[in-house]
Amino acid sequence: MGLYVGSDLTDDGSTLLAGFGHEPSSHWIEIVPRQQHPEGATTTVGVTENADIPGKLIEIPQAEETNKYISSMYSEFAGFPPPLTNGGLNEHGLAARDIWAPSREELVEMAEEAAPQEGPQYSDLAKAAMERASTAREAVEVVGGLMDEHGYSTYGGNSHLFADEDEGWVFINFVHPDGDLWAAERLGSDEVRVSYFGYILDFPVDHEDDPDFMASDELVSFAEEQGWWDGEGDTLNLLEVFGVGEFPAEEPVEDYFYPEFYQGARHPREREEELKRLVPVSLEDMLAMVRDPRWSTDFQGYGQVAHLRPDAREELQTLWTAVTTAVTTPFVPIPIAAEEVPPEFRQHRYLTANAAANFLDQDWQHQEATRYATREFKRLLYFTCERPNEFYTDVVGTIEGFEQELIAERDAIERKAQNLFKAGDDQAGRDLITDNVKQRLLESLQLGMALSGEVERETRKQFGIREPEGRDEPGETTPPTSQDMAEGAWGDMVHCYDEELHADYPREHGAYTDDPSSNRNRRTAPSNPSLAFGDE
């Protein structure tokens, strides 16, 4: 999911780009430094024969210099080579999100018949945008140029949302046997856009003369050749011509294997209307939107909100990041000046692709020895979502109280850093930001662990730990506790959603933190989270 709000519609004149990815794997935070590459250097892109549409890896030229960027990395999706990324924030204040956007069935069949695919896939393109572009428009040019030159490998169609402090762009990667079918639409400072999935509707036939649109050369002619567009009118609807023609929420529920609340939420135009009702939109609004339990489920691998401010130094543009599912994970601000995160927030073996097939290499033993933040917050998710009516508001209220403290300290931290940058002591400024990021990330982890412990204690005391039912088939002797833990696959989803509990969505950030009707003190410091679950 991607959410864009232009600077005319926010409370502080910033551009906001938020979202998350759905991936069944490990997740971690990575700060990739700026790098120089020798002449002739290449980078590997594409997919392998194990992808849904088989492909082969190829080498393409690497840029001589690549930008620094912050990203959420992960290890598994659709058989694509890890590590993978959906974007993030780079040193020029460019933010990127990657969102699925299925292409029409005939396009997928064409690609399958022409397999193996060649060319960069969605993660390669998101990474290239971060490494090679400095504005949202440049990101479109970089990604489109790579597809035109090298092709495109996909699992069935995709999209990107790019944003800088001035504007946004939505980019759709359509499936095509040659991998060079794409379109992009500019988003102004007075617009909102939700990609859930990514879409473009009316697209001008004469897009070459319109600065608000870009596309591959054959976009219009290919549609007409295939008989998918009759050649009439000044525009063509790309969702109908090259996409699947409707959003998931418009499909009959009986044909959809996710829970009804999840299916019903996946209508981008309705989500855009919700965002418009929040205008002027704040940073806090976007944190709460990404945390919304209608889509913040176990499937949400991480959460991000890029806060792109026109009056901020590039070093202080900030990516608020929840290392895993934001419904029970605090967002922590990571300015681009930061140079590293604690090892607890880096790669570990829990849910990491291929980790179970071999023993750990010694090179990673110390990093692996640390607690894994993603695993700890997953524990909090599973405990909280087992009984959301008992625990959800207290857990979220405590987390958002912590986030409000982080928001309150930003001005003072940034003033100190800015004074150091102005004085020419750039390294001292980066050290100040890095120390703050590491401290706050570790505090968020301490908070999550303490909340997990408190919810677990209350669960054991009041309800006990529920046993899995498992499968009961003739001849089966394996106890349910040792049976397949992913039998339900993508249709069986851990979530905290409750129709009555969440009737107020979208809600105000901190609504559960400052609830005057409760006797509980939800403004709990990380060192004493048990106050959130005191007797009433």
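Both Glu400 and Arg291 are buried, and these two residues pair up with each other: they form a salt bridge whose closest N and O atoms sit 3.1 Å apart. Keep in mind that this is a predicted model. Glu400 belongs to helix H11 (residues 388–422) and Arg291 to helix H8 (residues 283–291), so their contact ties together parts that are 109 residues apart in sequence.

That pair is one of 34 salt bridges in the structure. As background, side chains of opposite charge can pair when their charged atoms come close. Here are some of the pairs, with their N to O distances.

| Salt bridge | Closest N to O distance |
|---|---|
| Glu400 and Arg291 | 3.1 Å |
| Arg457 and Glu454 | 2.7 Å |

Now for Arg457 and Glu454. What helix holds them both? Arg457 and Glu454 lie in helix H12 (residues 426–462). They are 3 residues apart there, about one turn of the helix. Is Glu454 buried or exposed? Its relative accessibility is 10%, and the cut-off for buried is under 20%, so Glu454 counts as buried.

How values were computed. Residues are numbered from 1 along each chain as its sequence is written. This is a predicted model: local features need pLDDT of at least 70, side-chain atom pairs count only at pLDDT 80 or more; totals for chains, interfaces and linings use all residues. Side-chain values use heavy atoms; hydrogens and water are left out. A salt bridge is a side-chain nitrogen of Lys or Arg within 4 Å of a carboxyl oxygen of Asp or Glu. Helices (H or I, at least four residues) and strands (E, at least two) are DSSP runs, numbered from the N terminus. Buried means under 20% relative accessible area, exposed over 50%, partly exposed in between (1.4 Å probe, protein chains only).
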